[in-house]
Amino acid sequence: MIKVNGRDRKWEENLTVEILLKKCKYTFPLIMVKINGKYIPKEKYKDTIIIDGDDVQVIHSIAGG
Amino acid sequence: MFEGNREKQKTLAAFEFKPGKVERGYTDRRLYINLSENKIKERSIDPQVRETFTGGRGYGIWYLWQAVSDKTKWNDPENEIIFCTGPICGITQYSGTGKTHVVSLSPETGTVNDNNVGGYFAPFLKFSGWDLLEIQGKAKQDVIVFIDGNQGKVVIEEATGLNSDTYLLTEELAKRYANDEKDRRKISIISSGKGAENSNLGIINISWYDSRRKHIRVKQAGRGGTGTVFRDKKILAIVIKYSGVNANSNNVANPELIRKAGQRLTKEILELDHIQNGMREIGTVNLFDHMQNYNCLPVHNFKFGSHPDASKIDSKVWHRRMTQNQAGDSCWIGCNLRCAHAVDNFELATGPLKGGKVLVDGPEYETTAGFGGNCGCFDPDFILEANFYCDNYGLDTIGVSTTIAFLMECYENNIINKEITEGLELNFGNVEATLELIHQMAEGRGFGKIAGLGIRQIKKILIEKYGADEEFLQDIGMECKGMEFSEYVTKESLAQQGGYGMANKGPQHDESWLIFMDQVNNQIPTFEDKAEALHYFPLFRTWFSLVGLCKLPWNDIEPKDNKQKYHGMEAAKVPEHVENYCWLFEGVTGKPLTPEELILQSERVHNLQRLFNLRMGFGTREYDRIPYRAMGPVTVEEYESREELYDKQLKEVVYFDIEGKTTEEKIKVLREYREEQYQKLCDAVYKRRGWDVNGVPTLETIKKLKIDFPEVLEVVKKFQL
């Protein structure tokens with residue numbers, strides 16, 4: 001199990017940031033990802049593996065209405 | 001279109017004034033006009049009022065309070081329509097400083113209403129020497145109020161027999177009051193249209209002159225029926241003429257601070273807008289795709305949050321349709337966000353201007369989501385046509401589209417039929433019927449007479465006259481306090497439900513927009529977190545209306561490293577932009593301002609507005625209730641469209657065994673849970689705001705805020721528990 005934005009989510013093997021964002025349907029172009037508090041730059045989404053128990057934050061920078 | 005030239009029009013009143021000098025952002029004068037008595041006067045602004053309410057909407061609400069009684073109705077002569085400026089209004093070195101803030105009693109809610117709108121009016125008004133334009137009374141027949149800010153003249157002119165619709169009227173008035181083409185840039189016009197005469201959903205348009213297109217452009221004060229008040233007073237137009245705007249028209253205290261803030265923001269906009277929101281490319285409609293992708297786009301009267309046809313009207317479509325001669329347009333001088341866009345030479349297919357090629361301002365996100373998603377009309381040509389005619393007729397695209405979406409659901413549930421609609425087949429997606437209904441609303445004919453009343457009054461008619469199920473209509477009629485919801489689905493964001501329900505004027509998102517912070521980012525998970533957000537953000541956003549600013553440059557652009565330097569709610573505040581605002585305020589007025597003092601300035605006005613609601617009989621907890629459609633699924637169809645999500649919540653959060661349960665049973669249990677959550681949220685927010693459990697500001701709060709004036713205390717004391 002991992003946490004994504006504080007909510008439990010089932011972990012699976014070879015889960016990268018890029019795959020997680022796709023599975024969560026997080027399509028917004030301006031997001032900031034942190035794993036266990038560590039900032040992950042966009043160019044590393046493809047290669048960064050999320051391991052079981054990780055706490056992932058995906059913060060959307062959207063201003064809204 | 002004019003029956004005669006201007007010289008032949010009768011002057012009903014004339015007034016001469018000494019063109020005022022702005023001192024550190026203020027003139028300390030207000031221009032008072034009484035249309036019943038044809039009187040025009042100069043009035044001062046009390047230093048204590050300035051100290052307590054800061055300016056802009058703060059002044060507007062205070063002076064409206066003084067003008068009306070608790071018995072005053074929106075269409076009584078003593079109701080006022082007040083156009084407010086604010087100390088930062090008109091600054092040309094910072095983006096988004098041209099807003100006019102408009103205050104009046106609303107025909108929809110029966111209580112105090114506020115709107116903000118772009119265009120050149122407020123800066124011209126202030127530079128002419130007035131912090132405020134206050135109009136009371138009613139003219140016997142249509143009039144034009146003309147203010148010449150350089151000559152120091154105000155006249156009320158008879159203007160009978162003219163078509164009030166904005167598009168042609170403003171072009172004619174620009175010709176009439178400008179000496180030549182160059183002169184048009186010095187004119188700003190407030191107008192409305194026949195939709196405002198015949199419905200409760202009237203807007204006012206405020207113009208500026210697009211010298212590149214050589215065309216009048218308009219922005220809208222849209223919510224709550226301000227245009228209906230405007231036309232009820234028989235104001236055809238207010239025209240202001242002012243020449244001489246310069247970099248220091250506000251005669252500021254410290255230009256360096258203003259320059260520093262302006263340069264910092266402009267650099268961010270130029271470097272980052274194209275990768276952040278694209279305001280300069282397509283404006284607010286950039287939001288459309290994201291709302292669709294995250295299930296927040298209202299579809300079919302807020303039943304659903306997305307639709308497969310949304311791509312037909314998404315941001316790529318508008319990028320192609322908007323005329324992109326340069327990066328957007330600025331609705332006031334010096335704004336680099338340039339979110340104003342237009343579609344040129346759009347050929348109208350219906351209505352009084354059918355066949356004509358017109359300029360359509362926008363469309364904005366709300367208009368696209370309302371007519372496109374909520375009414376199920378995923379057709380860009382239809383949206384442009386509906387947008388144009390609403391602006392032209394002086395109708396609120398949000399109020400109209402949310403009302404029509406409600407009527408469509410009523411039609412599809414056989415609550416209304418073709419006999420009641422006089423032949424209109426109001427199914428979701430019927431563009432022809434929707435356009436016809438807009439024309440009928442504007443002209444006050446057919447079923448449009450009922451539709452133009454807005455959802456609250458329509459519900460009453462359907463229940464009393466046609467025996468409709470009251471409970472169902474309350475659930476699906478998306479209004480609160482009498483105002484229609486703006487265009488966001490809030491089912492999965494408790495904080496935004498509160499943002500709508502506890503907003504002073506009704507469910508308009510300009511008090512708070514917390515959907516992503518809550519629903520997606522999950523940054524405010526507890527009631528206390530949500531209450532803190534619903535304390536801070538409505539107050540922060542209120543401040544823009546006190547000083548004359550636009551909200552967009554606050555968080556529709558943010559420093560590149562904002563989310564890395566700051567976290568959670570702090571990041572959402574955009575601290576460096578808050579600092580800009582403190583610099584701006586000090587730079588203009590000479591008074592240092594901390595972020596905490598900024599919030600305090602707003603808190604006084606926000607609480608006064610809540611007390612105004614109480615005074616008019618509307619401010620207690622029961623008026624913060626929202627329809628269940630805003631909280632969760634009302635119908636089986638709705639529940640089953642997101643069954644997995646709702647089942648999961650029932651199992652994991654409510655601990656309800658869903659095995660073998662019907663959808664109806666699951667809806668009932670989910671509803672009990674969600675309604676209880678909303679009430680708990682109200683408790684937490686009231687407490688944080690210093691209000692009692694009935695939503696009434698406590699005496700302690702009023703005293704702490706130093707708004708314990710005798711007339712205010714009188715209202716509060718009536719409601720003390």
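The dialogue below goes through several features of a predicted model, from its confidence to its backbone angles.

Reader: What should I know before reading the residue names and the values?

Author: Residues are numbered from 1 along each chain as its sequence is written, and chains are lettered from A, with ligands numbered from 1, in the order in which they are written. This is a predicted model, in which local features need pLDDT of at least 70 and side-chain atom pairs count only at pLDDT 80 or more, while totals for chains, interfaces and linings use all residues.

Reader: What pLDDT does chain A average?

Author: pLDDT is the predictor's confidence in each residue, from 0 to 100. Where pLDDT is low, the predicted coordinates should not be read in detail. Chain A averages 94, and 100% of its residues score at least 70. Among the elements of chain A, the highest mean pLDDT, 97, belongs to strand 1 (residues 2-4), and the lowest, 93, to strand 4 (residues 38-40).

Reader: How many helices and strands are there in chain B?

Author: Helices (H or I, at least four residues) and strands (E, at least two) are DSSP runs, numbered from the N terminus. Chain B has 30 helices and 17 strands.

Reader: How does the radius of gyration of chain B agree with that of a compact globule?

Author: The radius of gyration is taken over C-alpha atoms, and the globule rule is 2.2 Å times the number of residues to the power 0.38. For 721 residues the rule gives a value near 27 Å; chain B has 24 Å, which agrees. The C-alpha trace of chain B spans about 80 × 55 × 55 Å along its principal axes.

Reader: Which residues of helix 11 of chain B are buried?

Author: A residue is buried if 20 or more other C-beta atoms lie within 10 Å of its own, exposed if 12 or fewer, and partly exposed in between, with C-beta atoms placed from the backbone. In chain B, buried residues make up 60% of the 721. Helix 11 (residues 365-374) of chain B has ten of its ten residues buried, so it is largely enclosed by the rest of the structure. Among them are Tyr365(B), Phe371(B) and Asn374(B).

Reader: What do the buried residues of helix 11 of chain B pack against?

Author: Two residues are in contact if their C-beta atoms, placed from the backbone, lie within 7 Å. The buried residues of helix 11 pack against helix 9 (287-293), helix 12 (380-393) and helix 13 (397-412) of chain B.

Reader: Which residues have the most contacts inside the largest nonpolar core?

Author: A nonpolar core is a set of buried Ala, Val, Leu, Ile, Met, Phe, Trp, Tyr and Cys residues joined through C-beta atoms within 7 Å. The largest one has 223 residues, and those with the most contacts inside it are Val145(B), Ala237(B), Val239(B) and Leu584(B). Helix 20 (residues 527-547) of chain B supplies the largest share of this core, eleven residues. A second, separate core has eight residues, including Leu15(A) and Val56(A).

Reader: Which domains does the assignment give for chain B?

Author: Domain bounds come from an automatic or database domain assignment. For chain B the assignment gives domain 1 (6-241), domain 2 (273-484) and domain 3 (494-718).

Reader: Where does Asn116(B) lie?

Author: Asn116(B) lies in strand 6 (residues 112-117) of chain B. With 24 other C-beta atoms within 10 Å, Asn116(B) is buried. Not counting residues up to four places away in sequence, Asn116(B) touches Lys99(B), His101(B), Ala221(B) and Ser545(B). Asn116(B) and Lys551(B) are 435 residues apart in sequence, and 9.6 Å apart in space, C-alpha to C-alpha.

Reader: What should I look for in the backbone angles?

Author: Most residues other than glycine have a negative phi, and most peptide bonds are trans. Phe302(B) is not a glycine, yet its phi is positive, about 65°. Phe302(B) is in the loop between helix 9 and helix 10 (315-321) of chain B, and it counts as buried, with 27 C-beta neighbours inside 10 Å. Val574(B), also not a glycine, has a positive phi of about 55°. The peptide bond from Gly362(B) to Pro363(B) is cis, with omega near 5°. Pro363(B) lies in the loop between strand 15 (357-361) and helix 11 of chain B.
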